[in-house]
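Subject: Structure handover

Hello,

Here is the structure I promised to pass on. Please open it and keep it beside you while you read my notes.

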Amino acid sequence: RDDDDINDVASMAGINLNEESARILATNSDLVGAQIQSCKDEPFLAAIPLHKRILETAKKLGITDVPAEVVTFISHATQSRLRTVIEKVTVITQHRMESYKDDEWYEQATDVRAQLKFFEQLERLEKQRKDEQEREILLKAAKSRSRQEDPEQARLKQKAKEMQQQELAQMRQRDANLTALAAIGPRKKRKLDAPGLLTIGGEGVGVCGGSQAGLGTASPRQYPRQKITRVNLRDFIFYMEQEQDMSHSLLLYRALLK
């Protein structure tokens with residue numbers, strides 16, 4: 001070739017096309033001669049029951065034949081729709097579970113849990129006060145020594161006697177539990193994070209789980225914890241209320257009745 005050819009851009013740039021082709025073939029040698037084909041198209045839903053269901057619906061509209069491509073298309077559409085619903089409901093659930101307690105841009109206005117605990121404490125104190133009053137009445141009735149006792153007085157004495165016996169049984173049970181705990185001693189926590197290390201003949205033998213042993217310090221196995229997102233009915237109701245085609249549906253009305 002003539003070196004002065006202005007159309008030969010590769011030669012003007014100093015690139016040897018033969019060397020570049022050989023280098024490309026050497027790099028992608030694994031792909032040369034390999035045959036690539038698409039994966040088998042597997043439907044998401046069972047084809048036979050879905051086909052029967054589509055035929056039942058189509059016969060009402062005067063359609064007698066439904067090809068297999070329609071069944072496959074509806075199956076893929078169902079899979080895509082279900083994936084979209086799950087993704088949106090998952091986002092709603094994650095927003096519901098998100099906590100803003102440690103966020104500096106938010107301040108807590110009300111604490112319902114603390115209010116409920118306060119009311120429970122008030123109810124507990126009121127119940128304790130009533131129990132104390134009833135106990136005093138029963139003790140007074142038990143100490144009274146009137147000769148002419150009416151049936152109500154006898155009933156109060158019997159009730160006071162039963163209450164004293166019950167209190168005595170509870171005290172005995174409490175003392176027995178304390179004695180048993182003192183005999184057992186303090187509970188020792190098992191070290192699950194770091195396995196034990198035994199020394200035999202100057203060598204360290206690590207024991208994992210009590211069944212496997214090896215030389216050197218055994219490292220604990222750390223399994224990744226999979227985060228589970230739990231979706232409830234309230235999340236689905238919120239999702240249906242936001243969707244335009246489901247906000248006035250019968251499914252939403254039935255979900256609200258539950």
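First, a term you will need: contact means heavy atoms within 4.5 Å. One caution as well: this is a predicted model.

**Helix H7**

Start with helix H7, residues 233-242. Its buried residues are Asp 235, Ile 237, Tyr 239 and Met 240. What do they pack against? They pack against two helices: H4, residues 68-97, and H8, residues 250-257.

Now zoom in on Asp 235, which sits in H7. Is Asp 235 buried or exposed? Its relative accessible area is 2%. Buried means under 20%, so Asp 235 is buried. Its side chain makes a polar contact of 2.9 Å with the side chain of Arg 96. Leave aside the neighbours within four places in sequence, and Asp 235 is in contact with Val 89, Ile 92, Thr 93, Arg 96 and Arg 230.

**The whole chain**

Next, step back. The protein chain has eight helices and three strands. Read from the N terminus, the order of elements is α-α-α-α-α-α-β-β-β-α-α. The chain has 258 residues, and 11% of them count as buried. The accessible surface comes to about 24,100 Å². Carbon and sulfur atoms hold 54% of that surface.

**Leu 45**

Leu 45 lies in a loop. The loop runs between helix H2 (17-27) and helix H3 (47-60). The relative accessibility of Leu 45 is 29%, so Leu 45 counts as partly exposed. Which residues does Leu 45 touch, leaving aside its neighbours within four places in sequence? Leu 50, Ser 75 and Thr 78 are in contact with Leu 45. Leu 45 and Val 71 are 26 residues apart in sequence. In space, they are 9.1 Å apart, C-alpha to C-alpha.

Last, find Phe 118 in helix H5, residues 112-143. Phe 118 has a relative accessible area of 48%, so it is partly exposed.

Best wishes

Terms used: Residues numbered from 1 in each chain as written. Predicted model: local features only at pLDDT ≥ 70, side-chain atom pairs only at ≥ 80, totals over all residues. Heavy atoms only, no water. Helix = DSSP H or I, 4+ residues; strand = E, 2+ residues; numbered from the N terminus. Buried < 20%, exposed > 50% of the residue type's maximum accessible area, 1.4 Å probe, protein only. Areas by Shrake-Rupley, 256 points an atom, 1.4 Å probe, with all protein chains shown as cover. Polar contact = N/O pair within 3.5 Å; in protein donor to acceptor, adjacent residues only side chain to side chain.
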